[in-house]
Amino acid sequence: MTDNNALLDIASLKKYFPIRQGFMGARKAWVRAVDDVNITVNKGETLGIVGESGCGKSTLARTLTGLYEPTAGTIRMRGQDLFTGPTGKKLAHREIQMVFQDPYSSLNPRMTIRSIIAEPLTTHTSLRGRELDERIVDLMETVALSGAFLHRYPHQFSGGQRQRIGIARALALNPDLVILDEPTSSLDVSVQAQILNLLVDLQQKFDLTYIFVTHHLGVVRHMSDRIAVMYLGQIVEIAPAADLFDNPLHPYTKGLLASEPFPDPDAQFEYAIIEGEVPSAIHIPTGCRFHTRCPEVISECPFREPVLREITPGHWVRCVLPQRGVSSR
């Protein structure tokens, strides 16, 4: 899955959370939230990440930004490991930024908008005084907000305006990669469209690379160049957006597409809707992790753990059913 235009290369990435018990806090088990993720993000593209709640997509996003320390694996940006030394961590803090899901809780209610946007600039740059104020006003205007609002507090803005402020803060250091963690899920539909259009315009203007985390398949199809599907901490399918929707190969992907609401009561679904609950990330099923819910399960699925294989150019699947794989990783 590596490309010569690669910006970010994620190899064998794992993030486990310990479950502790007793007075001494002895470890009882692990929550395997992200488990052996391998993926390359190319410069200038939008990579969508989809999956049910609890599949690990937000944990993956937070691990890439350094909010969570990886349990194992490597994250390299232009060939440099991001989390093995002070140089790499400094690069990560400048070049990778995040827009969070909830604009109500991601902004400090005790800080003015000026202070919120100024914080990364005063930490990582030498801008001060008038130059700093000019940069903050420029960022506000970039996201279609007036510089006259700088001394207001977050509670004085609507949800859409707060998300624009979050985007302005993410752009402050001119990052190469912006991770969007469900950036429109808490907004009204009309406001969602405005934010999505703004993100498209900003990507073209600043040559940004996006990782777009969402559960909304319609949005991710509209926004993404490629889409990765996650289930129980692993990527089970990744392909160009059009190919994934037109020719899904993994039974889980087919179930997600069948579950998407469609405004036609007489429509016939091509794929079976997924039934049952997602297994616990503490007690992960043996073999294929999806076999307990899979409508296409065969006898070997509970005993054989599939690898991610390239079935057609650029279309990778973690399943024992497609037998035409040509390589694995």
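Me: Which residue of strand 2 stands opposite Ile 10?
Reply: The model is predicted, with local features needing pLDDT of at least 70 and side-chain atom pairs pLDDT 80 or more, while totals for chains, interfaces and linings use all residues. Residues are numbered from 1 along each chain as its sequence is written, and side-chain values use heavy atoms, without hydrogens or water. Strands are DSSP runs of E, at least two residues long, numbered from the N terminus. In strand 2, the residue facing Ile 10 is Ile 39.

Me: How many bridges join strand 1 to strand 2?
Reply: Strand 1 covers residues 6-21 and runs antiparallel to strand 2. Two strands pair if DSSP finds at least two bridges between them. For strand 1 and strand 2, the number of bridges is 13.

Me: How many charged residues line the second largest cavity?
Reply: A cavity is a set of points on a 1 Å grid over the protein atoms alone where a 1.4 Å probe fits but cannot get out, and lining residues have an atom within 4 Å of a point. The lining includes His 250, Pro 251, Cys 288 and Leu 321. It divides into seven nonpolar residues (Ala, Val, Leu, Ile, Met, Phe, Trp, Tyr, Cys and Pro), one polar, and, of the charged kind (Asp, Glu, Lys and Arg; the others, Gly among them, are polar), none.

Conventions. Helices (H or I, at least four residues) and strands (E, at least two) are DSSP runs, numbered from the N terminus. On a 1 Å grid over the protein atoms alone, a cavity is a set of points where a 1.4 Å probe fits but cannot get out, and a pocket is an open set with protein on both sides within 12 Å along at least five of seven lines; lining residues have an atom within 4 Å of a point.
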